[in-house]
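Here's a quick walk through one protein model and its ligand. Have the viewer open while you read.

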Amino acid sequence: MNNYSNFQKYLTDEIDAIQSAGLYKEERIITSPQSVKIRLQSGLEVLNFCANNYLGLAGHPGLIEAAGKAMQDRGYGMSSVRFICGTQDLHKELEKAIAGFFGTEDTILYAACFDANGGVFEPLLTEEDAIISDSLNHASIIDGVRLCKAVRYRYANANMEDLETQLQTAQAQRFRLIVTDGVFSMDGNVTPLDKIYALAQKYNALVMVDESHSAGVVGETGRGTTEQFNLRGQIEILTGTLGKAFGGAVGGFTTGKKEIIELLRQRSRPYLFSNSLPPSVVGAGIYTFQLLEKSNALQNKLHANAAYFTEKMLAAGFDVKPTQSAICAVMLYDAKLSQDMASQLLEEGIYVTGFYYPVVPKGQARIRVQLSAAHEKEHLDKCIQAFIKTGKELKVIA
Ligand SMILES: Cc1ncc(COP(=O)(O)O)c(C=O)c1O
């Protein structure tokens, strides 16, 4: 027995427990670039309906060229945090472009949105304050809240009555911050930001929205929830990722009121104590926002694709959650059925993921379909036909 053996046994027991609960996450190996058509290590070529590649930019030649050019011009890495010697003009340019896109005052970049959410609460709020968080908020918000001493309140997902009750109790604190995802990734529902904003006005609260799944997608031109609800420039804090609609590499940001961003630059730990984004990612990021400034073609195509897919699935008799995002939840309710159907769809050349408890509530198993501007009508039709075939075989539809 060495020092490690007891700990090793503990670890293998934990892993066994994860496996026997059916919760072990396997990784499917892809041997092609991220795209609509991907090749799996098994050799199977499939249509991809489970990436967050909402605008189809992950393999866009313009982004790849911009990333390469920035790397040639400015090097591979920064070898520094921002405030020591890690800020290039490109970082400032990207921060400005993001603020322009969202109609906000200033932006601060992070290595990921996980870091943006992890580093936003603790520098701004103290034990005198309150954070009121939607129960379905992303793990990174939950972790960020844990790092902050503010008093914590939780309201049921998108439930405005419950939010109002929490706001009433939170009057005991100095400042109140309501925090919500823009789009909840398992259902695809958009947060009711107009109602949240009205309650924030009534109860003197600040608002933060995580736009990770809504930026580039929601709103007439894809500017996110603040565009959808006519609240551009009114929400104090927005966070988001460069890892989904905006190219899919890495990178996160917080954008909003300039004093908030200024204080985060001074005190936000994932910003102060973690490396700067590399020039390639920043260069491609600048290109992305220039592209989206010039045209709304990608957002328009994504909206049309999501509407077409949902309409056809409903017509085929599937139980589909209403969506205003690029996420379409096909409800199956039964955990095993969700896995069987996803496996059969893969055999039909359609790559989707089935989710079940504890990722979604018990009895709410589903297949989540993620639409992209890169999908053509023929891809959507192939996916719908495969759903109809497997749906009939598994008696999901008549
Ligand atoms: C709502 C939400 N916030 C934050 C993140 C984290 O983003 P990143 O991959 O940039 O860390 C995700 C990614 O899954 C997300 O869905």
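Which elements do the buried residues of α8 pack against? They pack against β4 (130–134), β5 (151–155), β6 (176–181) and α9 (193–202). Bear in mind as you go that this is a predicted model.

## Helix α8 and its buried side

Start with the helix itself. α8 spans residues 160–169, and its buried residues are M160, L163, Q166 and L167. These residues cover an arc of only 115° around the axis, so they end up on the same side of α8.

Now look at where α8 begins. N159 caps the N-terminal end of the helix, with a side-chain oxygen 3.1 Å from the backbone nitrogen of E161.

Zoom in on one pair: β4 and β5 are joined in the parallel sense by five bridges. Here I132 has Y153 of β5 standing opposite.

## Helices lying across the sheet

Is T225 buried or exposed? T225 counts as buried because its relative accessible area is 0%.

What does the side chain of T225 pair with in a polar contact of 2.8 Å? The partner is the side chain of E211. Leaving out residues up to four places away in sequence, T225 also touches G182, V190, T191, L193, V209, S214 and V218, along with E211 itself.

Over to β13, residues 365–370, which is mostly covered: six of its six residues are buried. In a regular strand, side chains alternate between the two faces of the sheet. In β13, A365, I367 and V369 point one way while R366, R368 and Q370 point the other way, and all are buried.

Two strands pair with β13. β10 (residues 327–333) runs antiparallel to β13 and is joined to it by six bridges; in this pairing, Y333 has A365 as its bridge partner. β12 (residues 353–355) is also antiparallel to β13, over three bridges, and G354 stands opposite I367.

## Around the ligand

How many residues surround the ligand? There are 13, and the closest are C113, D210, H213, T241 and K244.

A polar backbone atom of C113 is 2.8 Å from a ligand oxygen, and a backbone N or O atom of F114 lies 2.9 Å from a ligand oxygen. H213 uses its side chain instead: a polar atom there lies 2.9 Å from an oxygen atom of the ligand.

Note on methods
Residues are numbered from 1 along each chain as its sequence is written. This is a predicted model: local features need pLDDT of at least 70, side-chain atom pairs count only at pLDDT 80 or more; totals for chains, interfaces and linings use all residues. Side-chain values use heavy atoms; hydrogens and water are left out. Buried means under 20% relative accessible area, exposed over 50%, partly exposed in between (1.4 Å probe, protein chains only). Helices (H or I, at least four residues) and strands (E, at least two) are DSSP runs, numbered from the N terminus. The arc is that of the directions from the helix axis to the C-beta atoms. Contact means heavy atoms within 4.5 Å. A polar contact is a pair of N or O atoms within 3.5 Å; within protein, one must be able to donate a hydrogen and the other to accept it, and residues adjacent in sequence count only if both atoms are side-chain atoms. Two strands pair if DSSP finds at least two bridges between them. A residue is near a molecule or strand if one of its heavy atoms lies within 4 Å of it.
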